[in-house]
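Me: I would like to learn how to read a protein model, feature by feature. Can we work through one together?

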Amino acid sequence: MMKRPGRIRLLWLLDSLHVGGAEALALSFARNHDRERIELIVGHLRTIDETSLEQQFATAGVRVVGLGARNLRDLSAFRRLLRLVRKEQIELIHAHLLYAVIWGALVSRMTGVPMVATLHTAPPSARSKYGLLDRVMRLVVNRWARLVVMVSDAQRREYVAGRAFDAAKLRVVHNGIDLERFARDPEEARSRLERELAIPALSPIVITVSVLRDVKGID
């Protein structure tokens, strides 16, 4: 596939297309990115279960490539990622989530293609099952990622406090939201919520919509 002059060929790399916040962000980006400036390919390391996300990317006119990785040590899948980056003349890798960030950093080192990492959660406990992987991720990202994107100021403070990364590499970019999807009369929406959930009128209401995982710190 020939690259069109004047456009950046971007690989948006994810762990999977399992339903979650990072995947929803990728879909929103796919639907709204500037096609005059960016040629987008979405890659995912492994298939966890069947979702409608791949079809939604196709509807948005964005190519999706599954690498079929069984685990982080799957050398065949890693070689497929290397071939993809070289064959498609990728000019920037934007990797999201733990596994994709590790692979993206290694591929960046081997190909010279710059990589940006976006982390979506607070650092896991060193004793958790992700503790060792987190240390590996920090090592390769510190060496080979150009920038590390945090999705909140609180997340950035935690990583800075733990001396995980060179602070000069960190940027905070809050997740974008398509506001038109939620356009409605706020008074009517609040009244309906109070009725449906039997909430006393004018009570404070706090809502979080997310996958409930310990590392999100929702408690």
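Me: Is Gln 89 buried, partly exposed or exposed?

Reply: Start with the cut-offs. Buried means under 20% relative accessible area, exposed means over 50%, and partly exposed lies in between (1.4 Å probe, protein chains only). Gln 89 has a relative accessible area of 41%, so it is partly exposed. One caution before we go on. This is a predicted model, where local features need pLDDT of at least 70 and side-chain atom pairs count only at pLDDT 80 or more, while totals for chains, interfaces and linings use all residues. Residues are numbered from 1 along each chain as its sequence is written, and side-chain values use heavy atoms, with hydrogens and water left out.

Me: Where does Gln 89 lie?

Reply: In the loop between α3 and β4. Those labels come from DSSP runs: helices (H or I, at least four residues) and strands (E, at least two), numbered from the N terminus.

Me: What is the phi of Gln 89?

Reply: First the general idea. Most residues other than glycine have a negative phi. Gln 89 has a positive one, near 55°. Leu 202 is another case: its phi is about 65°, and it is not a glycine. Leu 202 sits in the segment after α7. Its relative accessibility is 75%, so it counts as exposed.

Me: Which residues have the most contacts inside the largest nonpolar core?

Reply: A nonpolar core is a set of buried Ala, Val, Leu, Ile, Met, Phe, Trp, Tyr and Cys residues joined through side-chain atoms within 4.5 Å. The largest one here has 39 residues. Leu 81, Met 137, Val 141 and Phe 165 have the most contacts inside it. Several elements give two or more residues to this core, including β1, α3 (75–87) and α5 (131–144). The largest share, 8 residues, comes from α4.

Me: Why does Met 137 count as buried?

Reply: Because its relative accessibility is 1%. Met 137 is found in helix α5. For contrast, take Met 110 in helix α4. With a relative accessible area of 46%, Met 110 is partly exposed. Now look at distance. Met 110 and Leu 82 are 28 residues apart in sequence, and their C-alpha atoms are 8.4 Å apart in space.

Me: How many aromatic pairs are there?

Reply: Rings of Phe, Tyr and Trp (its six-membered ring) pair if their centres lie within 6.5 Å; planes under 30 degrees apart count as stacked, over 60 as edge-to-face and the rest as tilted. By this rule there are 3 aromatic pairs. One of them joins Trp 12 and Phe 29, with 4.6 Å centre to centre and 35° between the planes, so it is tilted. This pair links distant parts of the chain, 17 residues apart: Trp 12 is in strand β1 (residues 8–14), Phe 29 in helix α1 (residues 21–32). Trp 12 is buried, at 4% relative accessible area. Phe 29 is partly exposed, at 25%. Tyr 159 and Phe 165 form another tilted pair, 5.4 Å centre to centre. Both of these residues are buried.

Me: Where does the charged end of Arg 46 sit?

Reply: A charge sits over a ring if NZ of Lys or CZ of Arg is within 6 Å of the ring centre and within 35 degrees of the ring normal. The charged end of Arg 46 sits over the ring of Tyr 99, 4.7 Å from its centre.
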